[in-house]
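Please look over the sequence and the structure shown here, and then follow the explanation below, which leads from the overall fold to single contacts.

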Amino acid sequence: AYYLDPESVDATLDFINHSSCRGSIIALDYLMSNSESNMDAYGNKEFFQAMKKHHANEKLMFSIGEGEAESFFGQRGLKMIDHWDNEEIESTFLLNEDGLISGRIIESFRFALASPNSNF
C-alpha cells in the first residue's frame with residue numbers, strides 16, 4: 001500500500017469491505033507516518049536512501065500514524081484482528097530453529113490483519 005495514494009487505499013478497502021465473504025481477512029503492511037523524518041530509527045536511513053537511488057520515480061504515498069491502525073480500519077468498516085510492530089514481526093516470523101532472529105525489519109514497518117465488520 002506504500003505506493004498507493006490514500007484515496008486508492010480507501011477505495012480498495014471499501015471494495016473489500018463490501019465484496020468479501022464471511023470470515024475474510026486482509027493482510028496489510030504499511031509504513032508509519034513521519035518515517036522519513038526519523039532517520040535514527042533502525043533501517044530508515046538505508047531504506048529511504050535505497051528508495052531514492054533505485055526507485056526515484058516511485059513515491060511513498062500511504063502511511064498510518066503510530067497507534068492509529070485500529071481506528072484507521074474501524075473508520076473504513078474493518079475490524080483489526082492483529083497488529084505487529086517491527087520487533088513483533090521479527091519474533092513472530094523471523095525466528096530460526098535455534099530461536100534466534102534471522103533478520104531485522106525496518107523500525108517503521110508495521111503489519112496488520114483486519115476483517116470486514118459486516119462479515120466478521
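Predicted model: local features only at pLDDT ≥ 70, side-chain atom pairs only at ≥ 80, totals over all residues.

A polar contact, as the term is used here, is a pair of N or O atoms within 3.5 Å; within protein, one of them must be able to donate a hydrogen and the other to accept it, and residues adjacent in sequence count only if both atoms are side-chain atoms. Residues are numbered from 1 along each chain as its sequence is written, and side-chain values use heavy atoms, with hydrogens and water left out.

The protein chain as a whole comes first. Its secondary structure comes to four helices and four strands, where helices (H or I, at least four residues) and strands (E, at least two) are DSSP runs numbered from the N terminus. Along the sequence these elements follow the pattern α-β-α-β-α-β-α-β. The C-alpha atoms fill a box of roughly 40 × 40 × 25 Å, taken along the principal axes. Of the 120 residues, 33% count as buried; buried means under 20% relative accessible area, exposed means over 50%, and partly exposed lies in between, with a 1.4 Å probe and protein chains only. Among contacts between residues at least 6 apart in sequence, 74% join residues at least 24 apart, a contact being heavy atoms within 4.5 Å.

The four strands form an open sheet with mixed pairing, in the order β2-β1-β4-β3, and two strands are said to pair if DSSP finds at least two bridges between them. The edge strands, each pairing on one side only, are β2 (63-64) and β3 (78-84). Strand β4 runs antiparallel to β1, to which six bridges join it, and β4 is also joined by six bridges to β3, again antiparallel. Ala112 of β4 is the bridge partner of Leu28, and His83 stands opposite Ala112 as well. Another bridge pairs Lys79 with Ser115 in β4. Strand β4 is mostly covered, with six of its eight residues buried, and Ser115 counts as buried because its relative accessibility is 0%.

Which strands do the buried residues of α2 pack against? They pack against β1 (26-32) and β4 (109-116). The buried residues of this helix, which spans residues 44-54, are Asn44, Phe47, Phe48 and Met51. They cover an arc of only 90 degrees around the axis, and therefore lie on the same side of α2; the arc is that of the directions from the helix axis to the C-beta atoms. An α-helix has 3.6 residues a turn, so residues three or four places apart point the same way. On the face of α2 turned away from the buried side, the exposed residues are Glu46, Lys53 and His54.

In the loop between β1 and α2 lies Ser33, which is partly exposed, with a relative accessible area of 27%. Leaving aside residues up to four places away in sequence, Ser33 touches Ser63, Ile64 and Gly65. The side chains of Ser33 and Ser63 are joined by a polar contact of 3.0 Å, and the side chain of Ser33 also reaches the backbone nitrogen of Gly65 at 3.2 Å.

How many salt bridges does a search of the whole structure find? The search finds three, a salt bridge being a side-chain nitrogen of Lys or Arg within 4 Å of a carboxyl oxygen of Asp or Glu. In one of them, Asp10 pairs with Arg76, and the closest N and O atoms are 2.5 Å apart. This pair links distant parts of the chain, since Asp10 belongs to helix α1 (residues 6-19) and Arg76 to the loop between α3 (69-74) and β3, 66 residues apart. Glu66 forms a salt bridge with Arg110, with the closest N and O atoms 3.2 Å apart; here Glu66 lies in the loop between β2 and α3 and Arg110 in strand β4, 44 residues apart. Glu66 is exposed, with a relative accessible area of 54%, whereas Arg110 is buried at 7%. Arg104 forms a salt bridge with Glu90, the closest N and O atoms being 3.7 Å apart. Arg104 lies in the loop between α4 (86-93) and β4 and Glu90 in helix α4, so this pair ties together parts that are 14 residues apart in sequence.
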